Amino acid sequence: MTKVLLIGSPNSGKSMLFNRLTGLSQKVANFPGITVDVASGKLQGMDDVYLVDFPGTYSLKAISAEEKVAVAQFEKALADADVEHVLCLIDATRLEKSLFFTLQVIRECELHDKPVTVLANMIDVLEANNLSIDLPALEAAIHTRVLPISARSGKGLAEISEHIRATRTADRPRQRPHLTGTPDEILRGTAHQLAQRLGPRGDVLVRTQNRLDAFFLHSLTGGFAFFGIMYLLFQSIFTWSTPAMDAIEASLAWIADGIVPLIGSQVLQDFTADALFSGIGAFLVFVPQIFVLTFVIGLLEDSGYMARATLICHKPLRYFGLTGKSFVPMLSGVACAIPGIYAARAVDSPRKRLLTYMAIPLMPCSARLPVYALLIAAFIPGDTLLGGLVGWQGLAMFGIYFFGMLTALIITGVVSRARKDQFDDLPFVLELPPYRLPGVKPLLRNAFNRAKHFVVKAGKIIFTVTLVIWVLGYFPNFGTDLGQSWLGHLGRLIEPLFAPLGLDWRYGVAILTSFLAREVFVGTLGTIFGIEGAEENMVPLVEQIQNSDLTVASGLALLVFFAIALQCVSTMAILSKEARSGTLALKMFGAYFVLAYVAAFLVYQVATLF
Amino acid sequence: MKKTQPPGAPKTLWSLRRGEHCAIAGYDDLLAEAYKVRLMEFGFYPGERVSCLQSPGFGAPKVYRVNNTIYSLDDEIADHILVESTGP
């Protein structure tokens, strides 16, 4: 299998170019030890050639362990006999930034006798501003072919395949090394001189960018813009995804209604309706959120705004060991932890990405809302203050939301300070890319690939856990009484664990099943108390809980427990895939369970004093 | 890595206000070697002219121009880059 490597520095348009050159025929893999995916796909028009997209890096001199892995893999790939060609992408509008890295790549390729072609991207931006670079002189200076392209408009892309084909068929003489053995210091000086001599003259692009920055980074206008854009992002996860999520649930229910009556055996009917279709629905329902969030984040990134948003919220988050890049993943986590964990890919520092992973599951996600609503309705009085302006229940809801966010920040702050030197880190030097109009097609393609990744990687785990919990709740009495099922017995077995919180086996079972998704807690309690459709109408269940022997102190303890505990198999599944660590999700589950339990116990003890 | 600037100490990049220019003089000893290398790869090497384009409020990272590229640096890094005046 013939391979062509694509490499380039961040913000040079590499992902867009890769999507353009490979279409939808992409496969995503990963290097052990790093979180960045390595995508490969058939080069369009050349079915026997695979284009391999390497992670964007500023230099072949790595400074973090993650960069070291990526660079080592690049060097290993150069030694691979299947690799026939290397495409090095540069940003033609900012030659200075790209040329040093390009010279490093050429030097490495000379060592392995691999031909390099430099792709000068964003040539359309230069033309639109009456700017140019001296391509023939650049080719002569670096002894390498330079093709002018625009990944956004598609200009020059056909020539890339033609050039690779011509290089393959030509009887290629061994490349004469020009840079072999040249130290980085010399390459840096050469890059600087070439950029000054051959790069675009004038600073019209920088001035345009600076005018927009004066608005978007201004204390007042920038603040308004930031809150407006983040509000839209948050709304997109909820509002734009909801119709598609509802449609998925309705479609699955419709198919199940059609199929189940055709099945003879009652056990198989129950299995198909409650395990099979629930299991599929359990992960398919997240797909619209992941698709929409990936698309919107892509819009923000490609437009150049994401870097500005990062800058705006960097300072307050830094105090808690995080970075400005942690903000969007954490905000997404308020809707759902899963798209939030995907969004954490943007955090380039491994240390801060890990801390962001730790913060996301503590964000008050939408799955917690039904649990909070049930417990608050059951235990917090509906009285109001200040002539009806402030209600105790509303205050309690605000308080528990705030508690989750505050806990997240305290935990990351403490862990960050406790393990100061044990993580791998990168300095906060953020390149502010120019503002651009994003291309919609590549973003849609990217969102599709991300949704596919979720279904393939996390779907299996979520489906399996759903099946296991169904089996435990269904047998041995074939679903007639949850209390007498294996799950019910398990609930009684762990009753002593929850007794110090004033909870009996029924709540233990509901906590166990809520591991599927937190909102399942409400439905399970409804089943145990014999109330149909408790998720849709909580009032009868609220009355049952109020009339049971559960105290206010236990209700408050449950609220605190759910605010902290990592009760979500889907989050754990995607966390282990994204962090490339099977143990991280388990460690976090254990740590947050202990923390949730201790906090709930303290709340219970204090509340019982009153 | 945050440090307190004593009186008479060399000027740092973080002290630049919006619209001011300077030339990089070097790095102080507190900055890790790997960070120095990365900053030089970005174009922040001694002698290079740098402008401060934006200085957002509330201590947010400042925005600097080096050649035709714009970077944002926070005080933890910019306070370790020593600069000298290049005149108006």
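How many residues of chain A are in contact with residues of chain B? In this predicted model, where local features need pLDDT of at least 70, side-chain atom pairs count only at pLDDT 80 or more and totals for chains, interfaces and linings use all residues, 31 residues of chain A are in contact with 29 residues of chain B. Residues are numbered from 1 along each chain as its sequence is written, while chains are lettered from A and ligands numbered from 1 in the order in which they are written. Contact here means that the C-beta atoms of two residues, placed from the backbone, lie within 7 Å.

On the chain A side of this meeting place, two or more residues each come from helices H3 (95-111), H7 (184-198), H8 (204-216), H13 (305-312) and H14 (314-318), and from strand S10 (429-431). Helices (H or I, at least four residues) and strands (E, at least two) are DSSP runs, numbered from the N terminus. H8(A) gives the largest share, six residues. By type, the side of chain A that touches chain B splits into 15 nonpolar, seven polar and nine charged residues.

S10(A) runs antiparallel to strand S4 (residues 69-73) of chain B, with three bridges between them; strands count as paired if DSSP finds at least two bridges. Across this pairing, Glu431(A) sits opposite Tyr71(B), and Leu430(A) faces Ser72(B). How many of the residues of S4(B) are buried? Five of its five are, so the strand is mostly covered, where buried means 20 or more other C-beta atoms within 10 Å of a residue's own, exposed means 12 or fewer, and partly exposed lies in between, with C-beta atoms placed from the backbone. Thr69(B), Tyr71(B) and Leu73(B) point one way from S4(B), with Ile70(B) and Ser72(B) pointing the other way.

Back in chain A, H3(A) has 17 residues and reaches 24 Å from its first C-alpha to its last, close to the 24 Å expected at 1.5 Å a residue. That expected span is 1.5 Å times one less than the number of residues. Because 16 of its 17 residues are buried, H3(A) is largely enclosed by the rest of the structure. Just after the helix, Asp113(A) takes a positive phi of about 55°.

As for what is packed inside, the largest nonpolar core has 144 residues. A nonpolar core is a set of buried Ala, Val, Leu, Ile, Met, Phe, Trp, Tyr and Cys residues joined through C-beta atoms within 7 Å. Those with the most contacts inside the largest core include Ile290(A), Ile341(A), Phe561(A) and Leu13(B). Apart from this core lies another, of 49 residues, with Val4(A), Ala39(A), Leu89(A) and Met122(A) among them. Leu13(B), not counting residues up to four places away in sequence, touches Val50(B), Tyr64(B), Leu73(B), Ala78(B), Ile81(B) and Val83(B).

Chain A is divided into domain 1 (2-202) and domain 2 (459-547), with bounds from an automatic or database domain assignment. The C-alpha centres of these two domains lie 56 Å apart. Arg506(A) lies in helix H24 (residues 505-513) of chain A and is buried, with 23 other C-beta atoms within 10 Å. Beyond its neighbours within four places in sequence, Arg506(A) is in contact with Leu525(A) and Ile528(A). Gly281(A), in helix H11 (residues 266-284) of chain A, is buried too, with 20 other C-beta atoms within 10 Å. Leaving aside neighbours within four places in sequence, Gly281(A) is in contact with Ile248(A), Glu249(A) and Leu252(A).

Conventions
Nonpolar A, V, L, I, M, F, W, Y, C, P; charged D, E, K, R; others polar.
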